[in-house]
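Please look through the sequence and the structure shown here, and then follow the explanation below one residue and one element at a time.

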Amino acid sequence: AVPVLKKQLSLFVSLTVGNSHFIFQLKQDNVVEDISATRGIINFKVNRKLLAQKLLEPFGNGEDDKFGLNSELFNTLTTGTTLVEYSSPNIAKKFHAGHLRSTIIGNFIANLKQSLGNDVIRMNYLGDWGMQFGLLGAGFGQFGSPEKLKQNPLQHLFEVNVVFVLYSNVFFPVFFSFALQVYVRVNKEAENNEDMKQAARDFFRQLEQHESHAVSLWQQFRDITVKEYRHIYERLGVHFDVYSGESFHQDQAQEVVQQLQSRGLLKTSEKGTGVVDLSPNRDVTNVCTVLRSDGTTLYITRDIAAAINRKEKYSFDEMIYVTDKSQENHFSQLFQILLAMGHSWADGCRHVSFGLVQGMKTRTGEVVFLEDVLDEARARMLNNMSKSKTTKELENPEDTAEKVGISALIIQDFKGPLQSDYKFDWDQMLQAQGDTGVFLQYTHARLCRQDICVEAVAFDPSLLSEQTCTAILQHLLRYDEVLYQSAQDLQPKHLVNFLLKLCHLIASAHRDLPVKGSPEAVAQARLRLFSGACSVLANGMRILGITPVNKM
């Protein structure tokens, strides 16, 4: 009913704008109940009773989760199977870019696509291959202790579970404790030690040749790291359908090299490396290296192999990569090479990039681990909740504080354009008033205290004629438009701003539309309005990757 109502209103508006001289030929109907024109301005009044009735019907019929999702707007969007690659940390490597942002942004995109009816494959493509393993393997051979690794790997390799360290203002996965010491020492040695550099190259070559000792050590590092990553993802409310990695495509990468060669795309540079010239005029202004001089493959070579393998395995209709903006050129070259190889489906591949987080730190110092950030967000929220006069008695206050703290982190990240850098601010992020994740959670919890997030009884829509009611109804009517806009540019800011405005409208409604003390029929009508707002708020929060709390 709602899409039909919107279509009829849209048609009427287009008629009045495009053919204003026919105003007196327009007739009133059950949607538009009054029409007038003065000094070139056409006025029309929407039937508020019909608007309330049609808009709020789904919330009494058990169709809360479907609201706004059957719009004709979505007919133009890509449907079918969507593969989203996000998070994708590099195990056993000290430095890498943006995995916290990649994780929550990718999770939003996957949630959005799934809500719109796509079959979504959530993939974590681990950086578990490459020369960094040569360096770590060589370092472990000199400074490591296989006995300690075997006896108690977690205690030996980690001081904390798995952590993400803030380095150069972005998050990086890192082996901490002993593994970090090994990595630091071997890097220091390698700076001025050609033998160490050669040892690293030799170890990686052993990996590519599947020598048992190198593969066994690599497998131990990978298994330990993945196990600990899962703990972090669980706290963030993130899950993956597939844990893949560069290592899965090492052999296929060599096949890619052969295919490039057979198509005449692979050239040999003066340094002996294998390159693909992507410059339009073949003037070597855009050259992509796909093979080292010693014959080992590179990150992009394995990315090419991975993309081809995924298309064959999953038959995706679109594939979305979520990484920081420093990798824009990498993905541009990746898509160009795939197209040059004859893979037209590469037009359905897309890179969603994002900026850096600046100034994130805890009270204890500049260097920040993700677990420290989550712990501090929880601790600060517990402290704020204990001081609040409106906080209710909770069964598990730490769990509530954790969920609210994570929602605050997500909303601060999502309010602006993804490509923009932003400055992290604890105090602003955790405010209960203003446009924060805490405000979203507080609004949802307050709505739930009225017991309205349940199936409502029949109501009289004519009792929702106040301007405050109409403002909420008109805003809810835009939900499908906001989802459509988000699906087009994959920016969460549209949905965030929509939900924040909805919360402000609800705050006004709590003042203007009391339920307690009102006549029963009025109370039921207002409860239905609040029920609809509560459902849309909760649905939107879940798409953003936020778990709504019912009490705080």
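Leaving aside its neighbours within four places in sequence, Q252 touches A305 and N309, where contact means heavy atoms within 4.5 Å. Q252 has its place in helix α10, which covers residues 250–262; helices (H or I, at least four residues) and strands (E, at least two) are DSSP runs, numbered from the N terminus. The C-alpha atoms of Q252 and R302 are separated by 7.5 Å, although these two residues are 50 residues apart along the chain. With a relative accessible area of 25%, Q252 is partly exposed, given that buried means under 20% relative accessible area, exposed over 50%, and partly exposed in between (1.4 Å probe, protein chains only).

This is a predicted model, in which local features need pLDDT of at least 70 and side-chain atom pairs count only at pLDDT 80 or more, while totals for chains, interfaces and linings use all residues. Residues are numbered from 1 along each chain as its sequence is written, and side-chain values use heavy atoms, with hydrogens and water left out.

Q333 is buried, because its relative accessible area is 9%. When its neighbours within four places in sequence are left aside, Q333 is in contact with L278, N286, V287, C288 and I300.

Two other helices can be followed as a pair. Helix α9 (residues 212–236) packs against helix α13 (residues 370–387) at an angle of about 30°, and their axes are 11 Å apart; axes are lines fitted to C-alpha atoms, for helices over the stretch in contact, and angles run from 0 to 180 degrees between N-to-C directions. That angle makes α9 roughly parallel to α13, since angles under 35 degrees count as roughly parallel, over 145 as roughly antiparallel, 65 to 115 as roughly perpendicular and the rest as oblique. In this contact H231, I232, R235 and L236 of α9 meet L370, E371, L374, D375 and R378 of α13.

What are the cysteines C448 and C469, buried or exposed? C448 is buried, with a relative accessible area of 13%, and C469 counts as buried at 0% relative accessibility. If a disulfide is taken as a pair of cysteine sulfur atoms within 2.5 Å, the count comes to 0 disulfides.

For the protein as a whole, the secondary structure comes to 20 helices and 14 strands, and buried residues make up 54% of the 552 residues.
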